[in-house]
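This briefing is meant for a reader meeting the structure for the first time.

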Amino acid sequence: MPEIRIRDTLSGDLSPLRDGDEVGIYACGPTVYGRIHIGNARPFVVFSLFARYLRSRGYPVKLVINVTDINDKIYAAATEAGEPSAEFADEMTQAYVEDTDRLGIGRPDAEPLASETLEEIVALIEALIESGHAYESGGDVYFRVRSFEGYGKLSNRNPEDMDQGEEAGTESLKEDRIDFALWKGHKEGEDTAWDSPWGRGRPGWHIECSAMAEAELGPTFAIHGGGLDLVFPHHENEIAQSEAARGVPLARIWMHNGMVEIDEEKMSKSEGNIFQLSEALDRFGRETVVAYLVSGHYRQPLAFSEEALEQAASGVERLRNFLREEGTEGGVGEEAAAYRERFLDALADDFNTPKALAEAFELVAEANRRELPGAGAALVEMLELLGLETLARPEEAPDHEALQLLAEREEAREERDFERADKIRDQLAALGWEVRDGPDGARLVRRT
């Protein structure tokens, strides 16, 4: 088997994983100030499937994806919704779990919440103050950026040119404008606060992740991941805090996924160009969404459009139809095994899922041209590592009630009564059926 190598953002090099290494992976999860969009789902899928692949190669893996449930954005969103912030954050956390459960690729080994890690957060801040890397000021606590010699090494930025964004804190309380907040004193209008040696308040975003990562994986671990937009300031500040406090590298490899983009703009709630994951799952189904998210190399931007999802849906149907006709019984033949090996080689080379997926489609194309013993069995083994093994399962036929509702929905659409059509779609969803609209009309698929 080839050596597994990942492009390390810090060094820029392809870094190998050593055989037998225990692989701790910490990937930054969502800030729960709204339902997640399909762009938020990309790191969840990338790191979940990467962990699955490593396990298939015999590595012991612990995958940690946190939830940020204490944040300025949550206060703002909760106020707009007219709800207490803690209740709002809990609702959005549950929605995140429900939406990502529907992807059908399992859950991380640990999903820590910032709100349940306060003791560890306070202890880490205390260690930074004791070592001179942080200071209290007016109920806030700030990190002394210039006290950490390696600051800027991940993002290759000059500290003088850095903007700390939402964690910049109060300018008048800081020793230096480039310092950032570790703890924020309680402010009027904020309905949650926690006790600390510096008074009631709440942690900053960056220190939350440093504390959660250490609590789950220790002060140093194999891989830290997340979206490319987190390189600065979030991950730069995590490095500074953790390494200043503990004196060891936070992670051996930094693995960043590119953004899902609409018209070359990052998909985000602040840009107002979001496409919710739940909507994508309702309309296209889990296999199509997963296939779309692995269709591009994880480090590159992924262009979003409904056409892209429809293209992924066509590919999924091609694979499903092949498995229906070919079957999956028997062993993998020698020629089919060669496709599987090239598939695995692609995943070993910086987790190149589009190249791996191309090998799966090449296998199907060749098996459609001529007899290729064990092609179906080989394809299932390949698809399992991409979260698409369910394509081999027999589809459940809809019952009479569901088919009748589908017919009524199609009639409403023909009459351009889209409100009624949407209500019928919701009825079908309540019965456990997804409506998939395609060039050959609508069909029903059991929700997973």
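In this predicted model, four strands form an open sheet with antiparallel pairing, and their order is β5-β6-β7-β8. Another open sheet, also of four strands, has parallel pairing and the order β4-β3-β9-β10.

**The antiparallel sheet**

- Strand β6, which covers residues 140–143, runs antiparallel to β5 and is joined to β5 by four bridges; in the bridge between Ser 137 and Asp 140, the residue on the β6 side is Asp 140.
- Helix α4 (residues 118–130) packs on this sheet and touches β5, β6, β7 (180–185) and β8, while the direction of α4 makes about 125 degrees with that of β7.

**The parallel sheet**

- In the sheet with the order β4-β3-β9-β10, β4 (61–65) and β10 (251–257) stand at the edges with a single partner strand each, so one side of each is left without a neighbour in the sheet.
- The twist of this sheet averages 20 degrees from one strand to the next.
- Strand β3 (residues 23–27) pairs in the parallel sense with strand β9 (residues 221–227) over three bridges, and the bridge partner of Ala 27 in β9 is Gly 225.
- Helix α1 (residues 38–56) lies across β3, β4, β9 and β10 and runs at about 170 degrees to β4.
- Helix α6 (residues 231–246) also packs on the sheet, where it touches β9 and β10, and its direction makes about 160 degrees with that of β9.

**Helices α2 and α3**

- Helix α2 (residues 72–81) packs with helix α3 (residues 85–101) at an angle of about 100 degrees, and the axes of the two helices are 9 Å apart.
- Because angles of 65 to 115 degrees count as roughly perpendicular, α2 is described as roughly perpendicular to α3.
- On the α2 side the contact is made by Ile 74, Tyr 75, Ala 77, Ala 78 and Ala 81, and on the α3 side by Ser 85, Phe 88 and Ala 89.
- These contact residues of α2 and α3 divide into seven nonpolar, one polar and no charged.

**Helices α10 and α11**

- Helix α10 (residues 334–348) and helix α11 (residues 353–369) pack at an angle of about 170 degrees, with 7 Å between their axes.
- Angles over 145 degrees count as roughly antiparallel, and α10 and α11 are therefore roughly antiparallel to each other.
- The residues that make this contact include Tyr 339, Arg 342 and Phe 343 of α10, and Lys 355, Leu 357 and Glu 359 of α11.
- By class, the contact of α10 with α11 has eight nonpolar, one polar and five charged residues.

**The cavity**

- The count comes to one cavity of 30 Å³ or more, and the volume of the largest cavity is about 30 Å³.
- The largest cavity is lined by Val 46, Leu 293, Val 294, Gly 296, Tyr 298, Phe 351 and Thr 353, and this lining divides into five nonpolar, two polar and no charged residues.
- Thr 353 of this lining is also one of the α11 residues in the contact with α10.

Conventions: Residues are numbered from 1 along each chain as its sequence is written. This is a predicted model: local features need pLDDT of at least 70, side-chain atom pairs count only at pLDDT 80 or more; totals for chains, interfaces and linings use all residues. Side-chain values use heavy atoms; hydrogens and water are left out. Axes are lines fitted to C-alpha atoms, for helices over the stretch in contact, and angles run from 0 to 180 degrees between N-to-C directions. Angles under 35 degrees count as roughly parallel, over 145 as roughly antiparallel, 65 to 115 as roughly perpendicular and the rest as oblique. Contact means heavy atoms within 4.5 Å. Ala, Val, Leu, Ile, Met, Phe, Trp, Tyr, Cys and Pro count as nonpolar, Asp, Glu, Lys and Arg as charged, and the others, Gly among them, as polar. On a 1 Å grid over the protein atoms alone, a cavity is a set of points where a 1.4 Å probe fits but cannot get out, and a pocket is an open set with protein on both sides within 12 Å along at least five of seven lines; lining residues have an atom within 4 Å of a point. Grid points are joined across faces, edges and corners, and a volume is the space filled by probe spheres set on the points. Two strands pair if DSSP finds at least two bridges between them.
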